[in-house]
Amino acid sequence: MTALLEIKGIAKSFGAVRSLVDITFSVEDHSIVGLIGPNGAGKSTLINILTGVYAPDGGNVQFAGRNLGRIATAERARLGLVRTFQRPTPILDLSCIEGVMVGGLARGLSVGKARNAALDILTSLGLREAADQSPRKLPTGHLKLLDFARVLMLAPRLVLLDELMAGLSFSELEVVLGAIERLADRGASFLVVEHLLDVIKRLSRRLVVMDAGIIVAAGEPTEVIRDPRVIEAYLGDEAGAVLVEAEPAPVSSPLALSSEELISTPFKSAGTGPMLEVNDLVTGYDGIEVLHGVDLIVKEGETVCILGANGAGKSTILRAVMRQLPCWRGRVSFLGEDITNVKAFAPAHVGIGYVPEGRGMLASLSVRENLEMGAHPGGARAAFARNLERVLSLFPALVSRLGDAAANLSGGQQQMLAIGRALMGSPKLVLLDEPSLGLAPQIVSHVYGALTELKSSGQAILLVEQTVGKALALSDRAYVVDGGKVVLTGPSDNVRSDKLLRDAYLGL
Amino acid sequence: MRRALVIFAAWMAAAAAGLLLKNDYFASVATAMAFLALWAQSWNLLCGLTGNISLGHSVFVAVAAYVTVILFQQAGVSPLLGGLLGILGSVVLASIVGAATLRLRGPYFTLATLSAAAVVLSLILHYSQLTGGPSGLAITFAQDSPFDLEFTNVRAYFLIATGLLAAVTLFLDFLKRSKLGFYIAAIKSSEEAAAAAGIRVALVKVIVFCLSAALTALGGVVYVFYIGFMDPNFLSGLTLSVEIALIAVVGGMDYLIGPIIGAIFYEAIDVAANATFGASGGWDVMLLGFAVVVMVMTEPRGLCELTIRLLRLIHRRPARFWS
Amino acid sequence: MIIFLQSILNGLLIGGVYALVAMGLNLMFGVMKLVNFAHGEFLMAGMYVAVGLASLGTLPGAFGMFGIYWVAIPTMFVMAAVGLAFYLLLLDRAARFGESPQILLTIGLSIGAQGLAQVLRGSGFKLVPNPINGAAIRFGGLNLQLGPAIAFIVALAATIVMAWVLRATRFGKSARAVAESAETAEMLGIDARRVYIVSTSIAIGLVGLAAALLIPYQYTFPNVGQNFVVVAFLAIVIAGLGNVVGAVFGGLLMGVMQSLTASYFDLDLSTAAIYLLFLAVLLLRPQGLFTRGRRTL
């Protein structure tokens, strides 16, 4: 008997980036399958292929025994293959119930029937009072439930949930989980992409783990999570061996505990005042709070790393310091100066260099021009020449590429250019956001080699990484962020062997 | 239902007022207002949906008008039938343009619609034996012939224009609560989510484009018989397209009667300028343009919202008749 | 054959002015992602300013027939100042708005300005009498109209200067950085707002220069900007939005196309042809003909 959904050999590349290499698995009727994986694993790309947004380069997808080929998204939805989106997608010009009705109308229901059906679904999700309200003022959790209700109106056979649970309150979570379980009993199947591993463990009978475009492990959830390949995928190879032996913590409430309860080794600051000080930082995107009060310091000459699972808020901290995000509450100060509300181009001028996630290449400018842009205008020629020489000696591979457009560089070369560019401004502190992302292991070693050299020259570094091994090896101190708060901090050696680190990533 | 009655009553009142008007000048202003409002309403159906700005809607006026008049004068086809064919012609054009511009947004969409109108204008000017070229075709008649859309009393056109306006407004109101209206709202918020909910986004967009064109064309057919001559540079011109668009925007794209308010505003300036200076001399265009600038900078959603805000301040209860 | 060459020549000369207008338009789009539908009205305003200055008098004696061109420098500066005001008063705030409000803003400004011109100066056509108007040189059987020729030469010079500014100066590189990604540029310490201000002033200043070059032989009237700006739009899309130097070739191409089709076919068909070419490029190769798939300034 064929499964409801059969995915065979799916491959997808975007230009030179191979997002999916070979994905093969299936989803049966009446089942709930969890899909997890670190940042960049390809989960969203896979969902987009399943719903027809992208066409795969290779392999095929069969749904209910039928090859989906190039069938359009709307058609697939009407066949019973539906999805929700990571960000809520409310229909602003309609009331909540009308927004939900849309799904039923597309299936062929009359306006009247659709309204009744929508009312039933809203009631079962606890949203009856919101039925005639506008979605504009509702909290994220409600909006996500509305999205969920809308796709349910299509009487789907397979529901792809793309991080539905993020932003839901405890009670909303219970409601949704209950609804999913009931629907699964009645015949629907679910493919649940999540980072909240407690949810995954409760819901799914099967768990698939992806990393870098392939399936790393698949099977029964508790076994899969303990699989060393899975741990390696999330934490990086060097830490993996150590953590595999640690005992799993007892399963408790699915919610994050407060950071006071979890900080095991409070760091006592000693010596001179910190270079960078972040106090009680609260910020977010699109009205959704991502950081709920973060404290962090970096002292002169130190290398500090920030670790945490995907979505925990690590990059958000750096972006807030660089004024790419407003600080809703809290304070950021650098060398004693309050930089919480300065203009976006100011941090570079006070001495903070930034190497963003994805490198932030000025693609159409040449390598040399990128480096020039990193230097400060009106700066002395001598300083420029000196910095250039230092950068080129750190990254000799760039010397021969000075005239090339940055777009033509390989990933590793771009990373080196990005770091070099940040150094051109003689920064007092360098922020790096996931420098190893998307790079082959030997390139990562090369980059970290350069960072080690930088560190030994006395440069202060604040590093965000998802893979822990190399980051902990390089840094003096570490912070671990989970759910928008710091849950663990201390000297790197202490943090490495603390089982809370593993908990933050794997939620065991 | 209640809304329908209100709209009908409003039309009756306006029609009566218009018929009773002694002054021919005011009657012509009121008629122009009705046509502009009709076109702005039709434009708003498309552009209120997509958030794109079409600057080519005059082309639907022109195509329908020329088809109707050419068939009438050269082949003796009654304008009632010819009008239908003219509207059909506009719809065909709209389906082509709509399908071609599906993936375009923002300035690209605007420039594409502008170009479509310019191409048609050039073709009209070129095939002058058929279309009369730059001087256009003249429509003269000595006596009434209702089935030929010929009325010697210009008030008749006023009646028809306002009737059409009322009908179109009613239709748009009805559309909002129909399945299509739901789909339109969904697409406006998120095309991705709409597709994921089973809505055939491309089809809906093209249908809306065609509907918008058809309604515009309807006005165009009656308009040429009212005016009595055809100036292609006006009928398929950028100026008319811009006027239509800005009138809807100034009135309020989010409101059912927004475009009507915008048309009243525009013609009111004309009247005021005429009264003060004896000629309109650019005042209407100037104030329309600057009103839009002020609006964009201060962010109210048109005169409708401004009025509502004022009324709220005064009465502390929102005015009705908004959607 | 002569007709063909003459058409190309005329086209190139007209194209020079289109190029100047298109360059500024593309600069604004590349840096600020703003399509300035009112660009033609800045040209119109510049022409009225230039005409006003020209009626004060022309340079005497030694400059001979070129005496009218003294207005170029003041007009350019006046318009650059106008550009500055345009940015500070309107665009600075509008930067936060979405695409549609920005389009509406510039469309509203466009027809508002046309109306204003009509109200202030009437719809009449103005031309300051001067020896350039109608003057032409004959060589090799071809007619070289003086006014357009001078415009072409100056436009070419301006292009070379712009290209140099963009490639070699700190401002130019900052502008290209901001055009690529304002966020990245700011994190490197570049004040994006300052780049916007200067770019707008330059763009409108260029339009002012174009205006001054036009008034010796082109009538000034409230709607004069319309023809030029629409062609400029076509030119920049065909060349590739954001490609400033490419816009120049786009302008020249437009001029030549217009001229050739007008010589061999009807004027109206030539207009239709240009718009159809535009539509084809827009739909089939939206990044433009002269870019290599990457957006550059």
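## Exercises on strands and a chain contact

Strand β9 (residues 206-211) of chain A and strand β10 (residues 214-219) of chain A run antiparallel and are joined by five bridges. This is a predicted model, in which local features need pLDDT of at least 70, side-chain atom pairs count only at pLDDT 80 or more, and totals for chains, interfaces and linings use all residues. Residues are numbered from 1 along each chain as its sequence is written, while chains are lettered from A and ligands numbered from 1 in the order in which they are written.

**Exercise 1.** Find the residue of β10(A) that stands opposite Met210(A).

*Solution.* Begin with the terms: strands (E, at least two residues) and helices (H or I, at least four) are DSSP runs, numbered from the N terminus, and two strands pair if DSSP finds at least two bridges between them. Next, look across from Met210(A), where Ile215(A) stands opposite in β10(A). Finally, turn to the hairpin, which has two residues between its strands, and where Ala212(A) takes a positive phi near 50 degrees.

**Exercise 2.** Work out the strand order of the open four-stranded sheet in chain A and name its edges.

*Solution.* The order is β12-β11-β14-β15, with antiparallel pairing. The edge strands of chain A are β12 (288-298) and β15 (337-338), since each pairs on one side only. Inside the sheet, five bridges join β11 (residues 276-285) to β14 (residues 329-334) of chain A, and Asn279(A) stands opposite Arg331(A) in β14(A).

**Exercise 3.** Determine how many residues of chain C are in contact with chain B, and which element gives the most.

*Solution.* Counting contacts (C-beta atoms, placed from the backbone, within 7 Å), 36 residues of chain C meet 32 residues of chain B. On this side of chain C, α4(C) gives the most, with 17 residues.

Notes: Two residues are in contact if their C-beta atoms, placed from the backbone, lie within 7 Å.
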